[in-house]
Amino acid sequence: WRSSVTCKPWQSGRSLPPAWERVQLPSRKRIHATVGQGQQVGTQEKQVVEDSEMPLTRKETDTLFQEQPETGNQYLEDALLRSYLKAHLPPKVLEEVNRDLERFGNRLLTKVKPLGWECELNPPVFRQYDAWGQRVDHIATCSAWRRMKEIAAEEGLIAEAYERRYSNWSRMHQAVKLYLYSSFSGGFSCPLAMTDGAAKVIESLGIPGSLKNAFDHLTSRDPKKFWTSGQWMTERRGGSDVANGTETVARKQPDGTYRLYGFKWFTSAADSDVTLTLARVVDAEGQVTQGSSGLSLFFLKVRDEEGKLNSIQVQRLKDKLGTRQMATAELWLDGAEAELISAEGRGVASISSMLNITRIHNVIGAVASMRRMITLSREYARRRVAFGKLLKDHPLHMQTIARMEVQTRGAFLLLMETVRLLGLVEANMASEQDQLLLRLLTPVAKLYTGKQASAVVVEAMESFGGQGYMEDTGLPVIVRDTLVLSIWEGTTNILSLDVLRSLTKSQGQALAVFFSTVQKKLELASSTADLEPAAKRVRDAVSTLARFTQAAGAKGALTMELAARDFSYSLARIYAGALLIEHAARPDASPTDVSAARRWCNQELCPVTAELASGSYEAAEALVDSALVYEGSPARGSRL
């Protein structure tokens with residue numbers, strides 16, 4: 001939440017509009033109300049009505065205002081987060097992590113939050129030429145953005161995951177800090193996601209000697225040594241389709257290095273120190289291999305030791321809807337020096353670990369944005385008076401926020417489960433079942449929370465009325481920055497198809513593990529009568545989904561492709577329902593934990609079966625889809 005700009009007094013010598021001449025602006029004293037003051041609202045409303053009938057008496061102190069929601073330490077105010085950590089972390093780890101998170105929450109409130117707003121007000125600026133016509137391609141970022149980088153290092157927002165001082169819980173510690181940091185980061189969460197991904201790739205390669213220095217910089221806690229990394233995959237012909245969209249070529253040099261030539265259409269965090277990128281190696285005959293088998297992974301420094309760009313030309317900065325705080329650019333690689341770090345032709349396989357990390361960061365950002373908007377919305381409801389009482393005393397208003405809260409809780413637990421599994425894998429403590437489940441849940445969590453976040457933040461913005469639409473409240477910033485989360489690192493449809501690939505590659509084992517894990521989590525609810533209806537709904541959904549997979553499998557590939565999106569939604573809802581029930585079955589669970597689990601499970605948990613019954617996934621329906629889309633279009637005659 002950002003402080004609104006105070007209305008300036010009307011300039012002397014100018015007449016007031018007729019409407020303003022008839023209205024007395026209410027003062028802060030008249031309409032301020034907090035918890036415990038509900039009985040005063042009627043008197044306040046009467047006073048406001050009486051004031052509206054009085055002529056406007058202008059004073060220099062008059063101002064138009066609404067009550068601004070005030071939030072405190074984000075960690076201390078997040079009951080679900082704290083109860084989750086208490087339930088899962090070992091006591092000694094919990095003690096240390098709890099102390100660190102409370103301290104970090106205070107730093108976010110007092111230091112990081114103002115920096116984040118400064119980043120929003122001062123986005124990067126691109127200067128292509130200097131005053132004398134020399135090309136400089138300089139991307140200027142504000143001091144707050146650079147300070148964010150220092151704070152990220154000081155807090156170990158990348159280092160925490162790789163130091164592993166808490167073994168398999170280190171990744172969760174890092175993820176929770178990123179979750180708290182995200183909404184205050186001024187967009188710096190994005191370069192951190194790619195930095196984490198780059199560090200993971202290097203670690204997965206065994207940290208070869210040539211990359212040891214880079215890995216140390218990427219995971220450093222020293223602000224003077226810390227590097228951020230870009231991720232330059234998207235080119236002009238494609239986003240997710242890197243296999244067919246990558247045109248950049250790599251030419252081997254006598255010293256064993258490579259020179260890259262090509263155009264990178266969308267490079268996030270263009271001011272980063274290093275980057276990973278894909279290119280096709282040119283063979284001795286000057287030819288390249290097309291498709292994914294022709295792609296190799298390269299590491300390059302963006303600038304040389306003198307600070308000059310590494311044979312890179314910046315064409316322009318992208319004019320984006322959101323994440324404006326971060327420089328995203330179009331770049332020409334005109335002989336950029338790079339190091340081949342994957343086996344030749346194994347670039348796509350080598351970046352898979354990066355994609356898993358950045359997708360989990362995407363989930364972190366989605367859940368964080370939902371939590372932040374709900375926190376502000378509930379605080380506003382304690383302060384804003386409408387129709388004679390506080391918003392919190394309007395049942396319909398609270399029902400709306402409660403529904404958003406349930407969605408956020410399900411998303412949060414889905415995030416924590418994915419991070420928990422990742423921690424086990426990184427500490428070499430994961431079973432084969434854990435690994436299969438992580439591979440399946442990562443795209444499921446990313447695609448589902450991305451869509452959830454867009455819906456929740458827009459609904460939450462509406463809960464502020466007209467104030468939610470005002471730019472200087474900061475609410476539109478959260479909305480804009482959230483909308484990218486269903487697009488970045490794979491759209492919903494792309495990830496739905498990736499879910500199907502994970503099932504196919506595991507020959508059905510991933511789905512079997514999914515079903516068995518859900519059943520185990522539901523067993524905990526057997527002793528809690530209040531949870532039995534919810535548990536039954538999840539069990540029924542699992543049975544229904546199992547029948548669907550058998551029926552759809554017999555119908556062929558087209559049926560599964562058409563069902564991929566609804567199928568992935570079903571996986572997300574069922575698993576989140578099981579997680580909510582598991583959390584509510586704890587001995588010290590609160591009544592709201594039980595309520596959240598029951599409410600989540602009251603929704604349609606397996607939407608894919610209803611669509612199958614209606615024939616939505618038949619080949620004939622696919623033709624109707626095209627007819628509906630292209631009716632009236634000039635392209636209809638040539639497309640259908």
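Guide: Helices (H or I, at least four residues) and strands (E, at least two) are DSSP runs, numbered from the N terminus, and by that reading Ser167 falls in the loop between α7 (159-163) and α8. The model is a predicted one, in which local features need pLDDT of at least 70 and side-chain atom pairs count only at pLDDT 80 or more, while totals for chains, interfaces and linings use all residues. Residues are numbered from 1 along each chain as its sequence is written, and side-chain values use heavy atoms, with hydrogens and water left out.

Visitor: How many helices and strands does the chain have?

Guide: The chain has 24 helices and twelve strands.

Visitor: What makes Ser167 partly exposed?

Guide: A residue is buried under 20% relative accessible area, exposed over 50% and partly exposed in between (1.4 Å probe, protein chains only). Ser167 has a value of 34%, so it counts as partly exposed. The backbone of Ser167 also has a positive phi of about 55 degrees, although the residue is not a glycine. Most residues other than glycine have a negative phi. Ser311, in the loop between β8 (295-301) and β9 (312-317), likewise is not a glycine and has a positive phi, of about 50 degrees. At 29% relative accessible area, Ser311 is therefore partly exposed.

Visitor: Why does Ser377 count as buried?

Guide: Ser377 has a relative accessibility of 1%, and therefore counts as buried. This serine belongs to helix α13 (residues 352-381). Contact means heavy atoms within 4.5 Å, and, leaving aside neighbours within four places in sequence, Ser377 is in contact with Ile401, Ala460, Ser463 and Phe464.

Visitor: What makes the pairing of Ser377 with Ser463 a polar contact?

Guide: A polar contact is a pair of N or O atoms within 3.5 Å; within protein, one must be able to donate a hydrogen and the other to accept it, and residues adjacent in sequence count only if both atoms are side-chain atoms. The side chains of Ser377 and Ser463 come to 2.7 Å, and their pairing is a polar contact.

Visitor: How do you know how many disulfides the structure holds?

Guide: A disulfide is a pair of cysteine sulfur atoms within 2.5 Å, and the structure holds zero of them. For Cys142, the nearest cysteine sulfur is that of Cys119, 4.2 Å away, and Cys142 is in no disulfide. With a relative accessible area of 12%, Cys142 is therefore buried, and Cys601, at 0%, also counts as buried.

Visitor: What joins strand β3 to strand β7?

Guide: Two strands pair if DSSP finds at least two bridges between them. Four bridges join β3 to β7 (residues 274-281), so the two strands meet that rule, and they run parallel. The bridge partner of Gly230 in β7 is Thr275. In β3 (residues 229-232), Ser229 and Gln231 point one way and Gly230 and Trp232 the other way, and all are buried.

Visitor: What makes the meeting of Asp588 and Lys86 a salt bridge?

Guide: Side chains of opposite charge can pair when their charged atoms come close. A salt bridge is a side-chain nitrogen of Lys or Arg within 4 Å of a carboxyl oxygen of Asp or Glu; the N to O distance between Lys86 and Asp588 is 3.8 Å, and the pair is a salt bridge. The two residues are 502 apart, with Asp588 in the loop between α20 (557-584) and α21 (591-601) and Lys86 in helix α4 (residues 79-88). At 43%, Asp588 is therefore partly exposed, whereas Lys86, at 55%, counts as exposed. By this rule the count comes to 49 salt bridges.

Visitor: Which parts does the salt bridge of Arg409 and Asp593 tie together?

Guide: The side chains of Arg409 and Asp593 meet at 3.4 Å, N to O, in a salt bridge. Arg409 lies in helix α14 and Asp593 in helix α21, so the pair ties together parts 184 residues apart in sequence. Arg409 and Asp593 are both buried. Salt bridges that share partners join Asp78, Lys86, Arg371, Glu405, Arg409, Arg586, Asp588 and Asp593 into one network.

Visitor: How much of the chain counts as buried?

Guide: Of the 640 residues of the chain, 52% count as buried. Among contacts between residues at least 6 apart in sequence, 75% join residues at least 24 apart.
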